[in-house]
Amino acid sequence: MQVNEFKPLIVAFCCNWCSYAGADLAGNNRLSYPADVKIIRVPCSCRVNPMFVLRAFQRGADGVIICGCHPGDCHYTSGNYYTRRRMTLLFSMLDYLGIEKERTRVEWVSAAEGAKFASTMNDFVSKITQLGKNKRLEDLRCKK
Amino acid sequence: MQKISRDKLIKKASNLLNSGIVRCVLGWKRGEFDYDITPNVFTTEKELIDDFVWNDFCGANLSKYLVSKTQGVDGKILVFLKPCDTYSFNQLLTEHRFDRERAYVIAVPCEGMADINKIKQITNEGISSIEFNEDTLSISTLYNEEPIKIAYDRVLSERCLNCKSKKHVVYDELLGDDGEILESNRFDEVEKIEKMSSEERFEFWQGELSRCIRCNACRDVCPACTCEKCVFDNPESGVENKASANSFEEKLFHIIRAYHVAGRCTDCGECSRVCPQNIPLHLLNRKFIKDINEFYGEFQAGEKIGMRSPLIDYTTDDIEPNEAVNRRDS
Amino acid sequence: MQRIGVFVCWCGSNIASTVDVERVSEALKNEQGVVFSTNYQYMCSQAGQDLIKSAVKEHRLTGIVVCSCSPRMHEATFRKAARSAGINPYMVEIANIREQCSWVHKDIITGTEKAIILGKAAIAKVNLNAPLIPGESPVTKRALVIGGGIAGIQTALDIAEAGFLVDIVEKKPTIGGKMAQLDKTFPTLDCSACILTPKMVDVAQHEKIRIFSYSEVSSVKGFVGNFDVTIKKKARFVNENICTGCGACVEKCPQKKIPNEFNLGMDNRSAIYIPFAQAVPKVATIDPNACNMLKNGKCGLCARVCTAGAIDYTQKDEYIEEKYGAIVVATGFNPISMEKFDEYAYSQSRDVITSLEFERLTNAAGPTGGKLLRPSDNKHPHTIVFVQCVGSRCSVDSEKGKEYCSKICCMYTAKHAMLVRDKYPDTEVYVFYIDVRTPGKAFDEFYRRAVEEYGVHYIKGMVGKVVPEGEKLKVQASDLIENKQLHIDADLVVLAAAIEPDKSARGLATMLTASMDTNDFFTEAHPKLRPVESPTAGVFLSGTCQGPKDIPETVSQAGAAASKVIALLNKDKLLGNPCVAHSNEEICNGCSQCERVCPYGAISYINKEFKMPDRSIKTRRIAVVNPAICQGCGACTVTCPSGAMDLKGFTSKQIMAEVDAICR
């Protein structure tokens, strides 16, 4: 039963105004999701540099998810539109290089969508758990 | 074979030099062998007559050198640009990397450039000289009395076989006749890779990119890589240069590099030309170009000055990242 | 090297029941930079804050990590505590181990493990934190209101009443806007001019208000508190300081065949004109495209009759530069063009009119003196058909109209129908509608009165076609409830044309770097909580430039915008958010990509000389961020190819340190 014991490492970048608040709401409503998800707060999803995503994979993350305000609702009016284009091209490139496409995701979660945040994380973690360890992108040297 | 003669280029450049319209000439310089050619700055007619070259090995895109050569000194620089080089020229202007007034662009029509590696695959025994004729070229070697004759298109470089444009998008003066923007099959190879399974793609790129020796030639030659300080040279960036620990390191380098030039890459193909390991790096850039065309509409970087790159633009109904990746499978 | 104190909160049992707080504070002790680590029942309490203050003193802390509830809850609390302990507030980071840990994980082992990792990430970040000081900028105590309709008028009056200077810029020769053209107002039926014109006079007489009529904003630079605005005062060829508005020139002007804009072209005015009797400022304006004197130098009658000597044919456009602390956009609306709706025969018959034209026809100061007469033959119409939603609520792919509901048409049409039936009971009135929308105080009662007391025929269905035939307008329509086709011979057809933002709005939005939606309505900073502010700091929205609304709503929004402006102008200086972008000039390429993604226009470029290692001087174009404008989204940081652009408080190194700590 090796597979079941695998605990994936998930990095979630959440924008301060919508998704981070959505994650807080999931907490307020006690909607559980696996502890494998670790959230990094950024002011806006457009602050997430593709380099951060690659960095996470390099350091051993099994999945990276970026959450932002729904398109049209960005606190900074247009930040998530840029995120959408940037991540579209990055994910497509990672897929092209043979990295499993399930390991990357963008999800729009509003401050009111605590339930969506929890269900998104549950779904993402279960997909990554099925995929198993991220061997293709891990930089072994960087693991202690 | 190039239709415009070397003499014509030298004569043009000398006139402009001697009349004081330009201060120097950015061109191609003869090396030890016929195919060894490097970008060079010429300041006198004599230098031009002695060392200037215009032949089928002048693949080097000279636009990038304007960034450094126009700085700190006065006067105009004459630069010879082939059609594909003019796109880089415009892109650099879009990014304010040099002053348009400082360059005097002479557009040179291009019949496509030869790939020395292809020639060496045909014969690699002490090539002494290579002569280009209309549709053929004759290679003289130290060991054969008779030169070897081969069809020109057999040695044409990959990027020229898929030439996207024979049209100069900018110039001050045109030599000969200008061509047209072409329909090319440049995305065929990208499509071939896309059609592979995820594992096959991983194996393919692992095989290609693991040969990287991190010589930085691709970056150094890239006309989109003109940063004052490259992130790979900057200890503050978190991705600074270091010896690669494993195959992912090269991947990281090449993904970041391709990403940095995405939306700005004109597909000039210089990265692949200079790679000593013959890694098809242009296939990374072309993937981005193909995606951009598919997702956000046709975009050719450098077509016009001041164009807004798709990555610094958006529409409210752009495709979602995960949808974009999944679409290819369905 | 930082000296970091770690404070793990129990939050009573909220955290402590699923996170072993003792283990967390113990585990974090060994992290880089940590010199003190403890846990406490309620960190946010006074006792908890005192614990932080005494630890700062005792252990000479330079940085603080609180493992507690969400930073959205108590970040401000702990920053304040840090400040009072003598540490820069931005040296505090929160690890969210309640909402994002103890409350969502049930198992104490995994909960504790995760809390430790979140703590490590926060510590890794604090190790790279730097003290941040919010920038200060002064506030120019003067407001600019763009647009002189009821929205602009009300905003200006409210701001001026609070004691601040206000300038109104109005592109037409008079303020008053659309409301000045209306006859009666729903649902009370009071006369529009009677309630508007006193306000116009108030504006004119207010010592704090200046009116720039016949003027446009030609450029806006600067930022909240410090806008530099250039106003173009178009030449009106009349010295408005001398003109008494007596109207002698208007009477004598020989060129009288100019379509009168104020009456929507239903009658004529002269080349020199005063738009209407109560115009403010009440001065004449010469239409340069119609005046014989200006066109070919032959006439000069008006100058001869002007006893005040106000006529000045040599007047030029004048540019006025002024500083403002706040800008209110009140550019209003227009009915859309009926060009694309030829099925209603608007261009074929003068008796097919828009609702705004109808307002002029029933207005006592209108072209017919308030008598309802058909434009074509001045006969009294006996059958009138009103068509609702012309260009409103169109399908997404419609190229003719707008997707949105124009909101006011249902009510004004009910008003029109009622007024007709009241004055001319012999007239049959039909209203074709998709839905009748009457949310609003006394609105539905009003509409029902039209149906029940005034006998207006409301028919659910659309008009398919209007064909002029002889003196009649043949109206073909469908009745969706009776499910039948109707043919009505009408004398007059009135189209409730959709409303759209004034055309000047888009150019203005660009100047203000204020965002707009796809319909060119200005976007609010938050649709629910900040509805009168634009996302661009210091720019406020009043009236229909933000979306369709009626007069009471417009006036409320005008007052709300004014109160925001007053709150801003009341400050002597503004404290900025210190978490702003900053460009490292040493490695900036000056490529302009960051400038293009900045939603606020906070980035500009300068040429700067750099001393090179070989002592030569190199001039380079570099980006400069104005910290007073930057809102700190970080879009520019990712666009920057060289990594010169970074965001304070969320630097790339800090975020990567968090990533590393989580992935360790």
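Modeller: In chain B, the C-alpha centres of domain 1 and domain 2 lie 27 Å apart. This is a predicted model, with local features needing pLDDT of at least 70 and side-chain atom pairs counting only at pLDDT 80 or more, while totals for chains, interfaces and linings use all residues. Residues are numbered from 1 along each chain as its sequence is written, with chains lettered from A and ligands numbered from 1 in the order in which they are written.

Biologist: How do you know where the domains of chain B run?

Modeller: The bounds come from an automatic or database domain assignment. For chain B that gives domain 1 (1-113 + 163-184), domain 2 (117-152) and domain 3 (185-330).

Biologist: And how many residues make the contact between domain 1 of chain B and domain 2 of chain B?

Modeller: Six from domain 1 of chain B and seven from domain 2 of chain B, a contact being two C-beta atoms, placed from the backbone, within 7 Å. On the domain 1 side, three are nonpolar (Ala, Val, Leu, Ile, Met, Phe, Trp, Tyr, Cys or Pro), two charged (Asp, Glu, Lys or Arg) and one polar (the others, Gly among them).

Biologist: Over to chain A: why does its radius of gyration agree with a compact globule?

Modeller: The rule, over C-alpha atoms, is 2.2 Å times the number of residues to the power 0.38. For 144 residues that is near 15 Å, and chain A has 15 Å, so the two agree. Its C-alpha trace spans about 40 × 35 × 25 Å along the principal axes.
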